[in-house]
Amino acid sequence: MLLNVADETGVVSGAEIFGNDHPLELEIGAGKGTFLVAMGEAFPERNFIGIEYAKPYAEYAADRLRRHGLSN
């Protein structure tokens with residue numbers, strides 16, 4: 001899922017995004033999502049957010065996570 005923060009303060013809680021209070025991990029420079037897929041599958045009890053500047057890569061990563069059925 002691509003997330004655009006509409007709130008001008010930029011504040012979003014993990015519970016709002018994921019619907020749970022699991023620990024949150026952040027990857028800066030997520031690229032095509034290879035690391036996020038591996039970590040999401042290995043640690044389903046954690047939530048992951050990937051930040052990627054290049055929109056085509058961000059879209060690819062989001063689709064890759066969807067195809068793997070990952071919601072964390």
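Let me start with a term: buried means under 20% relative accessible area, exposed means over 50%, and partly exposed is in between, with a 1.4 Å probe and protein chains only. What you see is a predicted model, in which local features need pLDDT of at least 70 and side-chain atom pairs count only at pLDDT 80 or more, while totals for chains, interfaces and linings use all residues. Residues are numbered from 1 along each chain as its sequence is written, and side-chain values use heavy atoms, with hydrogens and water left out.

First, the layout. The chain has three helices and two strands, and along the sequence they run α-β-α-β-α. Helices here are DSSP runs of H or I with at least four residues, strands are runs of E with at least two, and both are numbered from the N terminus. Of the 72 residues in the chain, 22% are buried.

Now helix α2, residues 34-42. Which of its residues are buried? Leu 36, Val 37 and Gly 40. They lie on the same side of α2, because they cover an arc of only 100 degrees around the axis; the arc is that of the directions from the helix axis to the C-beta atoms. In general, an α-helix has 3.6 residues a turn, so residues three or four places apart point the same way. The cover over the buried residues of α2 includes β1, β2 (47-51) and α3 (55-67). Met 39 is also in α2, but at 22% relative accessibility Met 39 counts as partly exposed.

Next, the end of the chain. Asn 72 sits in the segment after α3. Is Asn 72 buried or exposed? Buried, because its relative accessibility is 14%. Leaving aside neighbours within four places in sequence, the residues in contact with Asn 72 (heavy atoms within 4.5 Å) are Phe 18, Gly 40, Phe 43, Pro 44, Arg 46, Asn 47 and Phe 48. As for Met 39, its C-alpha atom and that of Asn 72 are separated by 9.6 Å, with the two residues 33 apart along the chain.

Last, the outside. Ile 28 belongs to strand β1, residues 24-28, and counts as exposed because its relative accessibility is 69%. The chain exposes about 5,200 Å², with carbon and sulfur atoms supplying 56% of that; accessible areas come from the Shrake-Rupley method with a 1.4 Å probe, and for residues only the protein chains shown count as cover.
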